[in-house]
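Keep the structure in view as you read.

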Amino acid sequence: MMSYVHEVINDVVEKNPSEPEFHQAVKEVLLTIEPVLKKHPEYRKVKILERIVEPERQIIFRVPWIDDRGEVQINKGYRVGFNSAIGPYKGGLRLHRSVNLSIVKFLGFEQIFKNSLTGFPIGAGKGGSDFDPENKSDTEVMKFCQSFMTELYRHIGADTDVPAGDLGTGTREIGYLFGQYKRIKNVCEGVLTGKGLSYGGSLGRKEATGYGLVYFMEMLLKDYEKSIEGSRVVVSGAGNVALYAMEKVRQMGGTVVAVSDDSGMVYNPAGVDIDAIKKAKEFERIKISDYAASMKQGEFFSDYRELWKVPCDIALPCATQNEMDEESAKALVSSGCKAVGEGANMPCTPEAIRILQENGLLFAPSKAANAGGVATSALEMAQNSMRYSWTFDEVDNRLKKIMSNIYRNAKEAAVYYDKPNNLIAGANIAGFVKVAEAMLAQGVV
Ligand code: NDP
């Protein structure tokens with residue numbers, strides 16, 4: 001007979017056809033929380049599981065704008081409010097040509113458990129558009145953002161839904177979105193996080209996801225008598241998460257030996273030039289391939305997958321979903337890697353995770369390991385409500401404590417439910433129980 005959890009998974013697949021990323025995220029969570037459902041039959045009685053896999057609301061809208069040549073362009077806009085049991089919807093806006101409903105829903109679903117793990121009262125949402133800021137002028141990005149917000153503004157608010165950045169959405173895009181919201185709504189409130197420092201942003205937010213990932217890895221490594229210090233690290237992606245993970249690895253005495261973006265990867269066993277790469281990606285907005293053309297030391301490979309073949313101790317996939325497949329995981333095992341920490345959301349396929357686990361690599365799942373970004377967004381919301389700003393050190397110290405609590409809670413939940421050393425199960429369980437209890441308390445809504 002089919003188990004209850006498998007029945008719910010099958011139902012999700014049937015009701016949401018052509019959404020493979022969403023199916024993958026649902027399966028990964030539901031299959032690990034079975035022991036909780038056995039212990040809490042009351043959850044099944046009020047259909048917590050059937051409700052948690054269904055977004056509370058999904059908004060899809062047209063985003064028309066005019067490009068620099070005077071041509072009309074049309075993109076699709078999305079905002080999914082997945083779960084507000086523990087607070088207002090919170091989660092980023094992704095701007096990338098690959099964005100579709102399946103990707104927005106997988107990210108929104110994962111956000112439920114991640115946000116719960118942070119310990120803050122924030123629910124889960126996600127959104128974005130198939131608009132790609134790459135190769136667009138500042139004016140085009142601004143026009144797109146203004147048009148996007150002209151529809152989105154009516155669905156969001158500081159106590160309803162607070163979007164943030166994500167892949168393709170940095171401080172520039174958040175600035176244009178915030179300006180348009182304020183203009184239409186006639187209210188200056190903390191409706192977005194990841195804002196610039198001069199208009200309500202938080203010190204430490206830009207660094208938080210990457211730094212938090214490295215803090216988390218250090219705690220995990222320490223439990224196995226290892227450390228970032230003296231380790232060789234490879235990092236995929238060269239965006240917000242990756243750049244600050246690299247910076248923190250260096251501060252903690254590790255060496256980043258390879259880094260990639262979607263144009264290729266650079267490798268230098270003595271350590272890549274983090275400052276030069278940061279300048280190239282963050283300020284000049286150029287590709288790794290262009291940077292490599294004038295690079296003084298190291299090698300360039302035009303296939304970014306070569307990264308996983310580089311000899312290393314730690315791998316931090318920080319680019320995008322499913323970037324590490326079975327073959328890449330096998331390459332990592334052969335290259336002597338001892339630990340993998342997910343900086344991106346769901347960067348490892350289920351097959352890759354199986355290979356890493358079978359070969360005894362330490363594994364830090366994204367829901368826990370990259371939660372520092374959204375946690376610091378919650379700190380930004382708190383500062384906005386108080387009309388107050390904390391120093392960088394205050395924010396960073398809070399981030400360290402938050403990451404330590406997340407690590408401890410995930411580890412303890414794994415032990416309690418008889419899955420010691422399995423942080424995937426531990427993070428899912430710890431995140432789920434809090435939301436399930438809140439849903440139970442609030443009745444069938
Ligand atoms: P960015 O847009 O700042 O950076 C993404 C980077 O990944 C870019 O450099 C891009 O290359 C590169 N890239 C894309 N696909 C590949 C690939 N297959 N292989 C190698 N590099 C690739 O995004 P973020 O850093 O903000 O986000 C990265 C991931 O982290 C996403 O999964 C996001 O959801 C997740 N995340 C982000 C948080 C945040 O605070 N920003 C918080 C939690 C999770 P190029 O520059 O050439 O386009």
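Eight nonpolar, six polar and six charged residues make up the lining of the second largest pocket. This is a predicted model. The volume of this pocket is about 370 Å³. Its lining counts 20 residues, and those closest to the centre are Glu28, Thr32, Pro350, Ile353 and Ile424. Three helices each supply at least two lining residues: H2 (20-30), H14 (350-358) and H15 (366-369).

Where does the second largest pocket lie relative to domain 1 and domain 2? Domain 1 spans 4-188 and domain 2 spans 206-360. Both give residues to the lining, so the pocket lies between them.

Now turn to the sheet. Five strands form it, in the order E1-E2-E4-E3-E5. The sheet is open, and its pairing is mixed. Strand E1 (57-66) and strand E5 (161-164) are the edges, each pairing on one side only. On average, neighbouring strands are turned by 20° against each other, direction ignored.

Strands of a sheet pair through backbone hydrogen bonds, and the pairing may be parallel or antiparallel. In which sense do E3 and E5 pair? They pair in the parallel sense, over four bridges.

The structure holds one cavity of 30 Å³ or more. About 40 Å³ of space lies in the largest cavity. Which residues line the largest cavity? They are Leu93, Leu95, Phe144, Cys145, Phe148, Thr169 and Leu177. Two elements give two or more residues to this lining: strand E3 (89-95) and helix H7 (138-152). H7 gives the most, with three residues.

How is the lining of the largest cavity made up by class? Six of its residues are nonpolar and one is polar, while none is charged.

Start at the pocket between domain 1 and domain 2. End at the largest cavity, where H7 gives three residues to the lining.

Technical notes. Residues numbered from 1 in each chain as written. Predicted model: local features only at pLDDT ≥ 70, side-chain atom pairs only at ≥ 80, totals over all residues. Heavy atoms only, no water. 1 Å grid on protein atoms, 1.4 Å probe; cavity = no way out; pocket = protein on both sides within 12 Å on 5 of 7 lines; lining within 4 Å. Points joined across faces, edges and corners; volume = space filled by probe spheres on them. Nonpolar A, V, L, I, M, F, W, Y, C, P; charged D, E, K, R; others polar. Domains from an automatic or database assignment. Pairing = 2+ DSSP bridges. Axes fitted to C-alpha atoms, helices over the stretch in contact; angles between N-to-C directions.
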